[in-house]
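Thanks for coming, everyone. Please bring the structure up on your screens, and I will walk you through it.

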Amino acid sequence: MTAPMTAEKELMSPGHLACAGCGAALAMRYALEALGPRTIIVLPACCWSIIAGPFPHSTLRVPTFHAAFETAAVTAAGVRAALDMQGKSDINVMAWAGDGGTFDIGIQALSGAAERNDDIIYICYDNEAYMNTGIQRSSATPNLAWTTTTPRGKLRAKKNIMAIMAAHMIPYAATASIAFPDDFVAKLKKAAGITGTRFFHVLATCPVGWRIPSNLSVKMARLAVHTNVFPLYEVEEGERYHLTVPSRNLPVEDYLKPQGRFQNLTAEMIAEIQQEVDRNWAKLNRLAADPS
Amino acid sequence: MKKVLMGDHAVSYGVTLSRAQVIAAYPITPQTFIVEELSEMCADGRLDGRFIMVESEHSAMACVIGASVAGSRVFTATSSHGLALMHEMLHWAAGARLPVVMANVNRTLGPPWNILCDHSDSMSQRDTGWIQFYVESNQEALDTIIQAYSIAERVRLPVMVNLDGFFLSHTAEVVDVPDQEQVDAVLPPYSPEFKLDVADPHTFGAICLDSNFMKMRSGIQEAMDESGKAAIEVDNDFKEIFGRHYDVVEPYRLDGAKTILVTAGTAASTSRVVVDAFREKGEPVGLLRIRMLRPFPFAQIRSLLREADRIAVIDRSISYGLSGGLATEIRAALYGTEGSHPPVFGYIAGLGGKDLVPEAISEMISRCQKGQRPAREDLWIGVKS
C-alpha cells in the first residue's frame, strides 16, 4: 500500500455482512482501493450478494448492480456499452463474481465477453466451492478437497481458469492474493490502463468452508503462494507470462495440514498433490521463461 | 416514406426511429432478419447505436438489462426457444423496473423441431411482468415498437412486441415509414430518474427479505395498471401525429353481433374475411382482436363481449391440461361481469404453422352457433386423424 487505508476515504464502508476472516471481503477492499470511485460494480449471485448488505443498506460506495448468477460478464458488457454511448469511457466496469459464477454457471458469458474483448475488468474471487449455499464443490474445488458434495474428497483437479482465459488472447489476465495486496493493487492499476477484457483470478480464503480458524485466513492465502499451489503471475495478450511474486517453494503439506477440508488426506494423497503442484509450477515457469 | 418491408425489417426501422442506443442479440429463425438489419444500420451510421452479438439469448437479455440500468435505450429480439432461454432474465428486467423493449417473432417450441408460427413462446411468458402486444400487420409492428418505448419509459416496465413468425416476419407489405422528426416529437430521449451513475452512487437489487419486497411487487402490478392507461394516451398522441392508431383491443363489426370471435395476431385478418361472409348471409357475427394481452384489458373486453350470445376464442397455443390461454383469460374476464355472461367456446388451432384458413374459422363459428354450452374447455381444429 502506498498509504494506509482509512474508513473515511474507503469505498467499502464498515458494517458488511461477511463472515469473520472472509477473504472475499478483503479482496473487494483492495480492488476498490486500486480502482477508485469511478468504478461500477456488477455483482452476480455469490457470497458478495449478501456481504454487500440488505436493501436499503450497502457497504459499497460505488454504483452496484445485482445481476443474475450466470450473467456477470455480459451484464458488465451491457453497462460498458451504455457508458461508451454516453461518452463515459473512463469509468471502470468491474464484474465481481465467485468461482461458481465464473468457472461453472457463468463461463459461457465470460467466454463470450472475452472473445469479443469487451472492455471490462472481471474479477473472480475464488473460495474454491459454493460457500454461500453451504460448501458444495465447484469446478474450482481442488483435487481431494472435502466439500458437502464430495464427502470423500473431490477426485478431479481444479479447472485451470487462467489457461482458459489466456486461450482467449485477452490483453490482460492475472492471479492475485489477499495476502499480497501490493501485488494485487499494482496489477489492478496496470489493468485499469488497458482497454479490453481484463481478468483476475483471486484466491480468497473462506474460513468456514476450508475449516480453518478465521485468524489464519491471510496466512493460508500466503502459504498457497509460497507452496506454489497458487502462484502469482500475469499473462499479457494470452502469451507473455510473468511471475510477479517469488515463491519460497515450501512443501504443499504446510498449506494442506492446517485445513480441515484436507484432514483426511493420507501421505500418498499429499504426495500426489505435491506432484500435481510441482508439474503445474514447472509448466508455469516454462511459460514465463518463453520470451514470446 | 412508403417502403415495401418484411415484418422483421419493419421492426428494425421502428427500433432505429426510436433511437435505441444498445442492441444485443443472438440469431434465431424467424427473428434473425431484425437484428441483421439493425447491425447494418449501426454499421453504416443510420443508427447511432452499439450492436453486440452475444453468445445466447439469455446473455442478450442480460446485456440489455446492464445497458438499460446504465441509462441507455435498449433493444433485443428473439423467438421461440430463445425466449424460453431468456425466461429468468425476463423476470429480472421487470423486477429491476427497466424499460427494455423486445420484439418476439412468434414461433412454436420443439421437439419435434418446427420453426413456424404459434404463440406458445410468448404465452408461456405472461407471468414475467412484461407488457405484451400482438400485432397484425407490418405497419403495426413498426408503429408498436415506437409506442412500446413511450409506454415502457413512462411506467418503467419492459415491453414485448409479438409478431407472427413468417406470416408477418417474412412477408413483405407496404409500410409507411415515419419521418425521424415526427418520431422524435412523440418519443423524447430516454432520461431515467435512476441509473448507475458514479456521481450519484446507488445499489440496485440488493437482497430484500422484509415487507419492502411485497411493496416492490405490488409496485409492478400498479405499473401494469398504469401502463394500460399509458398505452391509450400514447396511442392518442400517435394518432395526432401520424393519423393512424391502434386500440388495446380492436373491435370489428360488433354492432348487434350475437357470436363474437376473439383472437390475436394475424388470425384476425383471416377472421375478418370470415366475419364478412357470415354478415353477408345475414348472420350477426363479429370479431374482437386482442392487441394488448398484458396488462389484460378487462374493462374493454367485458363491455364489448358481455352482450353477445356466444364467444368463440381462437388460441394459437395451449396450456396443457387446461385450455387455450386466451380462452381462459376471456372466461376470467367475463366471470367478473354482473349477471349472466355468454359461454366461451375455446378452439385450439394453427399450432406449429398450421394454416388458419377461412374454412377452419367458419367451422369454429358454426360449431359455436350450434352448441348451447361448450362440450369441453377446448376443441382442436385441424388435427389429422
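Start with A:Thr64. Its bridge partner in strand 9 of chain B is B:Thr203. Keep in mind that this is a predicted model. That bridge belongs to a strand pair across the two chains. Strand 2 of chain A pairs with strand 9 of chain B, residues 203-204. The sense is parallel, and there are two bridges.

Now widen the view to the whole contact between the chains. How many residues of chain A are in contact with chain B? There are 37 residues from chain A, and they meet 35 residues of chain B. Stay on the chain A side. Several elements give two or more residues there: strand 1 (39-43), helix 2 (47-51), strand 2 (64-66), helix 3 (72-85) and helix 5 (107-116) of chain A. Which one gives the most? That is helix 3 of chain A, with eleven residues. By class, this side of chain A has 23 nonpolar, eleven polar and three charged residues.

Next, one helix inside chain A. Helix 7 of chain A covers residues 181-192, twelve residues in total. At 1.5 Å a residue, helix 7 should span 16 Å. Its end C-alpha atoms are 16 Å apart, so the expectation and the model agree. Which residues of helix 7 are buried? They are A:Asp183, A:Phe184, A:Lys187, A:Leu188 and A:Ala191. What do they pack against? The partners are helix 1 (23-35), strand 4 (121-126), strand 5 (172-177), strand 6 (198-203) and strand 7 (233-236), again in chain A.

Last stop, chain B. Chain B is divided into two parts: domain 1 runs over 2-242, and domain 2 over 249-380. Taken over C-alpha atoms, the centres of these domains of chain B are 28 Å apart. Their contact takes 24 residues from domain 1 of chain B and 20 residues from domain 2 of chain B.

Look at the domain 1 side of that contact. Helix 6 (120-123), strand 6 (131-134) and helix 9 (212-242) of chain B each supply at least two residues. The largest share comes from helix 9 of chain B, with five residues. By class, this side of domain 1 of chain B has eleven nonpolar, eight polar and five charged residues.

That is the tour. Over to you for questions.

Technical notes. Residues are numbered from 1 along each chain as its sequence is written. Chains are lettered from A and ligands numbered from 1 in the order in which they are written. This is a predicted model: local features need pLDDT of at least 70, side-chain atom pairs count only at pLDDT 80 or more; totals for chains, interfaces and linings use all residues. Domain bounds come from an automatic or database domain assignment. Two residues are in contact if their C-beta atoms, placed from the backbone, lie within 7 Å. Helices (H or I, at least four residues) and strands (E, at least two) are DSSP runs, numbered from the N terminus. Ala, Val, Leu, Ile, Met, Phe, Trp, Tyr, Cys and Pro count as nonpolar, Asp, Glu, Lys and Arg as charged, and the others, Gly among them, as polar. Two strands pair if DSSP finds at least two bridges between them. The expected span of a helix is 1.5 Å times one less than its number of residues. A residue is buried if 20 or more other C-beta atoms lie within 10 Å of its own, exposed if 12 or fewer, and partly exposed in between; C-beta atoms are placed from the backbone.
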